[in-house]
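User: I would like to learn how to read a protein structure, feature by feature. Could you guide me through this one?

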Amino acid sequence: MRPRISVIGLGYVGLCTAVCFASKGFHVYGMDVDVERINSLSQGRSRTYEPQLQHHLNKALKTHLFQPTVDSELAVEKSDVTFVSVGTPSLEDGSIDLTYVKQSSAAIGASLKNKPKWHLVVVRSTVVPTTCDSVVKPVIEETSGKPCGPEWGLCMNPEFLREGSAIYDTLCPDRIIIGEYDERSGSALDNLYRSFFHRKIPTKRMSMVNAELVKYANNAFLAMKVSFANMTANLCETLPTADVGVVTSAIGLDKRIGQGFLRAGLGYGGSCFPKDIKALTAFGREKNIDLPLVHATVEINEKQPFRSIDLAEKLIGSLSGKRISVLGLAFKPDTDDMREAVSIPIIKDLLQRHANVVVYDPKAIAQARRIFEGSITYAESAVECIRGSDVCILVTEWESFKDLKPKEFAKLMKHPAIVDGRRLLDPSQFSRVKYASVGLGSNHKTGTP
Ligand code: UDX
Ligand code: UDX
């Protein structure tokens, strides 16, 4: 019989995992401490916006294979495998906050106490090295009164889901990393994934600490690539005919480098990169080991959003009293998530300069209202946003912004001036309006070498 699954923590990682297992015929108990979240999920409403998520959620509820609940005991008791995907936010000093990991481990332990059958616990949350061995395992052992190994198993199984394509990434991962406490635990998870995927996904089995390290090293390396592209972009801007896009796509053809994560822009944001890199830095501090590449990655990223302000000033001078339109607020397209979005420091800086800020985003306006309340104006469309503005800063590369043609900017804006912070628009089309782009030399109007 197929193992029954429970998932604790239904954020975007947990929910996507849960509905994907259900859509493949597994019985899934989705547990979350947030009663409201569970109530809306039971009615088929997800607070998380994620392409294809609604479709999979509807299907999972219709087949009764996905059962949202606030009862962790029920979820653990009725299932054979429990995935833990609760959040792991940053503490004030940047180090990881393991409160939710400890809470959920304790809840799992309490439920395992009277469960006669062997049960597998799989940590999906991103946790700093040694957490599984030195926090999760002892907490569950203490609360269940049962030793890890003979009575229950433990794996660390990092996820690499990107927001905006989390369903796709769940169904088609590049590889599976299984950090295992012992052979039995690792094999149980390996077998579960074999029956889930029906095809062999490259799988690496290792110790739990190595799996914990893989997640941090992976994210730090990707963030470093983004910062490298942004550093190169800043250099390009000092050379009249340089174009960072030409440079990065050429170096990306070297297979040793690869094309991925070399898009220059206004920096990375989101719920993972900033938080994980802070946690890694704090962990390095605790271990007394310097991580200079990580520090440089962060330093470049913290300055990068403000390139858009410098470029706007270059185009129109002082921003004080000017109407500035900001296109895009989410930390990247296809999500409504504004966690650590670069739009936040940009808007705060504009407000400090006494600019009038009007914003538009296809999905993230509700989030923005919570952050900025009445201090900025919220437009209902991109066209309404740019109308009457002195300069437009494009912050998130939503595809729909490509529909805005130079003619429209020229007609609607007070003084057409555009800062393309994500290199979305075609510079050759903007030769008649004031236009600046990250990573593009000031005389570069054609987009060709
Ligand atoms: C996930 C992770 O697991 C995190 O470690 C990783 O780095 C990124 O992806 P995310 O899905 O974004 O995080 O988490 P979040 O949106 O914070 O959701 C976590 C959910 O867990 C929330 O719904 C929260 O209510 C729930 N939760 C939290 C529990 O059910 N139990 C708890 O004890 C704490
Ligand atoms: C990331 C990781 O990719 C994923 O494996 C992990 O599990 C969670 O963190 P996510 O934060 O959803 O996923 O988005 P991602 O697509 O990786 O982008 C992160 C940030 O980097 C975004 O702000 C994006 O705009 C920026 N980015 C990405 C660039 O600026 N340039 C690039 O070339 C790629």
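Analyst: Let us begin with a term that we shall need at once: a residue is called buried when its relative accessible area is under 20%, and exposed when that value is over 50%. Please keep in mind that this is a predicted model.

User: How many residues of strand S5 are buried?

Analyst: Five of the five residues of S5 are buried, so this strand is largely enclosed by the rest of the structure. Both of its faces are covered, with His119, Val121 and Val123 buried on one side and Leu120 and Val122 buried on the other.

User: Which strand pairs with S5, and in what sense?

Analyst: Strand S4 (residues 81-84) pairs with S5 in the parallel sense, over four bridges, and in this pairing phenylalanine 83 has valine 122 of S5 as its bridge partner.

User: What is the strand order of the open sheet of eight strands?

Analyst: The order is S3-S2-S1-S4-S5-S6-S7-S8, and the pairing in this open sheet is mixed. Strand S3 (66-69) and strand S8 (203-206) stand at the edges with a single partner strand each, so one side of each is left without a neighbour in the sheet. From one strand to the next, the twist averages 20 degrees.

User: Where can I find examples of the parallel and the antiparallel sense?

Analyst: For the parallel sense, look at strand S1 (residues 5-8) and S2, which pair over four bridges, with serine 6 having tyrosine 29 of S2 as its bridge partner. In S2 itself, Val28 and Gly30 point one way while Tyr29 and Met31 point the other way, and all of these are buried. For the antiparallel sense, look at strand S6 (residues 152-156) and strand S7 (residues 176-180), which are joined by two bridges, and where methionine 156 has glycine 179 of S7 as its bridge partner.

User: Which helices pack on these strands?

Analyst: One of them is helix H6 (residues 131-144), which touches strand S5 (119-123) and S6, and whose direction makes about 155 degrees with that of S6. Another is helix H2 (residues 35-42), which lies across strand S2 (28-31) and S3 and runs at about 150 degrees to S3.

User: At what angle do helices H5 and H6 cross?

Analyst: The axes of helix H5 (residues 99-112) and H6 cross at roughly 35 degrees and come within 7 Å, and the crossing is right-handed. Among the residues that make the contact are Val101, Ser105 and Ile108 of H5, together with Val135, Val139 and Ile140 of H6.

User: Which residues are buried in helix H12?

Analyst: In H12, the buried residues are Val294, Thr297 and Asn301. Seen down the axis of H12, its buried residues fall within an arc of 60 degrees, so they line one face of the helix. They pack against helix H9 (208-236) and helix H11 (273-286), whereas the face turned away from the buried side of H12 carries the exposed residues Pro292, Glu302 and Lys303.

User: In what order do the strands of the open sheet of six run?

Analyst: Here the order is S11-S10-S9-S12-S13-S14, with parallel pairing. Strand S11 (377-378) and strand S14 (434-437) stand at the edges, each with a single partner strand, so one side of each is left without a neighbour in the sheet. Two bridges join strand S10 (residues 356-360) to S11, and valine 359 stands opposite tyrosine 378 in S11. Helix H14 (residues 343-352) packs on this sheet, where it touches strand S9 (323-327), S10 and strand S12 (391-394).

User: Is phenylalanine 401 buried or exposed?

Analyst: Phenylalanine 401 counts as buried, at 1% relative accessibility, and its place is in the loop between S12 and helix H17 (406-412). Although leucine 424 is 23 residues apart from phenylalanine 401 in sequence, their C-alpha atoms are 8.1 Å apart in space. Leaving aside residues up to four places away in sequence, phenylalanine 401 touches several residues, including Leu327, Tyr360, Leu394 and Leu424.

User: What is the phi value of glutamine 52?

Analyst: Phi of glutamine 52 is near 70 degrees, which is a positive value in a residue other than glycine. Glutamine 52 is found in the loop between H2 and helix H3 (53-62) and is partly exposed, with a relative accessible area of 46%. Glutamate 340 also has a positive phi, of about 55 degrees, although it is not a glycine, and its loop lies between S9 and H14.

Technical notes:
Residues are numbered from 1 along each chain as its sequence is written. Chains are lettered from A and ligands numbered from 1 in the order in which they are written. This is a predicted model: local features need pLDDT of at least 70, side-chain atom pairs count only at pLDDT 80 or more; totals for chains, interfaces and linings use all residues. Side-chain values use heavy atoms; hydrogens and water are left out. Two strands pair if DSSP finds at least two bridges between them. Contact means heavy atoms within 4.5 Å. Axes are lines fitted to C-alpha atoms, for helices over the stretch in contact, and angles run from 0 to 180 degrees between N-to-C directions. Buried means under 20% relative accessible area, exposed over 50%, partly exposed in between (1.4 Å probe, protein chains only). The arc is that of the directions from the helix axis to the C-beta atoms. A crossing is left-handed if the near helix is turned anticlockwise from the far one by less than a right angle, and right-handed if clockwise.
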